[in-house]
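Hello,

Here is the structure I promised to pass on. Please open it first, then read my notes below.

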Amino acid sequence: MSVNVAANLRARVERVRQVIEAAAVRAGRPVEDVTLVAVSKTVGPEQVREAAEIGITHFGENRVQEAEAKLEILAGQLPVAVQWHLIGHLQSNKARKAARLFSLIESVDTLDLAVTLHRIAEESARRIPVLLEVNVSGEASKFGFVPDALADVFPKILELRSLEVRGLMTVAPAVATAEDARPYFRGLRALRDRLNAANPRAELRDLSMGMSGDFPVAIEEGATLVRIGRAVFGERTP
Ligand SMILES: *Cc1c(COP(=O)(O)O)cnc(C)c1O
C-alpha cells in the first residue's frame, strides 16, 4: 500500500477514535466500554493488515466466504490479538465454517440458527459467543428477531447452554440525521434490559449498534460495539 493511503487510514482511525471518546465522555461512560469494530467488507487484505498495524483489533465481515479468503491471505501476518466478527446474515450451511473463523457471531437472527450453532459448539465441546440480531425498526428488508418475538423465544435460546449469548445487535434504518436513529438504539437497550430482568440466567451485556453515519448517538445510548466501515476505510467501491 502506498504511504499516502496508509496515512489517510491512520488519520481516519484517529478521527473515529476521537469521536468515540467524545461521545463516551458526553454519556459519562468509560471509553474502554466501547469497542471499535472496523468493518472490512469489500476492503482488500492489504488495507486490513495496515489497519491492524495501527492498532485496530476487531474486524467485521458480512460474508463468510469473503472473510475466509481474506484470512487465508493474511495468515501469519496479523497480530494475534486480532478478532473477527460476523455481522451479516448467516446461512445454516455455513454455520460450521463461521464458528471456526469468527470469535463472535453478531448476527444470530433465528432460533433455528441458534440451535444449529449450539449443536456445532456441543460437538466441539466449547461455547460459541453470539449476539442476537434484532430488527428494531420492523423493516421487511432487514434480518433479525422482532423484539416481542425475541422476548418469547429468549428462554429457549438460554437453554442452549453451548451458546454464550453476550448481547444484542441491530442495524438502524437509513435516516436523514444520526439523531433520528436514537429511538432505535434506545429501543435495543430497553429490550436488553427487559430480557435481563425477565430471565434470571440472562447475562446480556453487549449492544452492537452504530455505524459510520450514527455511531456517536449509539454510544450515547449505550453501544459497547460500534461497527464502522466507511469512516475507517473510506467509501466502498462496489
Ligand atoms: C456495512 C455494515 C456496517 C458498516 O457500515 P458503514 O456505514 O460503512 O460504517 C455495519 N454493520 C453492518 C451489519 C454492515 O453490513
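An oxygen atom of the ligand sits 2.8 Å from a polar backbone atom of G229. The protein covers 91% of the 390 Å² of accessible area that the ligand has on its own. Bear in mind that this is a predicted model.

S212 places a polar side-chain atom 2.5 Å from a ligand oxygen atom. For R227, a polar side-chain atom is 2.9 Å from a nitrogen atom of the ligand. Which residues surround the ligand? They are V39, K41, I87, V171, M211, S212, R227, I228, G229, R230 and R236.

R227 leads on to G210. R227 is one of the residues that G210 touches, leaving out those up to four places away in sequence. Is G210 buried or exposed? Its relative accessibility is 1%, so G210 counts as buried; the cut-off for buried is under 20%. T177 is 33 residues from G210 in sequence, and their C-alpha atoms are 13 Å apart in space.

V39 belongs to strand β1, which covers residues 35–39. β1 pairs with β2 in the parallel sense, over three bridges. The bridge partner of V39 in β2 is G60.

Strand β2 spans residues 58–61, and both of its faces are covered. H58 and G60 are buried on one side. F59 and E61 are buried on the other. In a regular strand, side chains alternate between the two faces of the sheet.

F59 deserves a look of its own. Setting aside neighbours within four places in sequence, F59 is in contact with V37, A38, S40, V48, A51, A52, V82, Q83, W84, H85 and F233.

F59 is also part of the largest nonpolar core, which has 70 residues. Which members touch the most other members? They are F59, I105, L117, L150 and L168. Helix α1 (residues 3–26) gives this core its largest share, seven residues. There is a second, separate core of seven residues. Its members include V37, V39, L104 and L131.

Over to you.

Best wishes

Technical notes: Residues are numbered from 1 along each chain as its sequence is written. This is a predicted model: local features need pLDDT of at least 70, side-chain atom pairs count only at pLDDT 80 or more; totals for chains, interfaces and linings use all residues. Side-chain values use heavy atoms; hydrogens and water are left out. A nonpolar core is a set of buried Ala, Val, Leu, Ile, Met, Phe, Trp, Tyr and Cys residues joined through side-chain atoms within 4.5 Å. Buried means under 20% relative accessible area, exposed over 50%, partly exposed in between (1.4 Å probe, protein chains only). Helices (H or I, at least four residues) and strands (E, at least two) are DSSP runs, numbered from the N terminus. Contact means heavy atoms within 4.5 Å. A residue is near a molecule or strand if one of its heavy atoms lies within 4 Å of it. A polar contact is a pair of N or O atoms within 3.5 Å; within protein, one must be able to donate a hydrogen and the other to accept it, and residues adjacent in sequence count only if both atoms are side-chain atoms. Accessible areas come from the Shrake-Rupley method with a 1.4 Å probe; for residues, only the protein chains shown count as cover. Two strands pair if DSSP finds at least two bridges between them.
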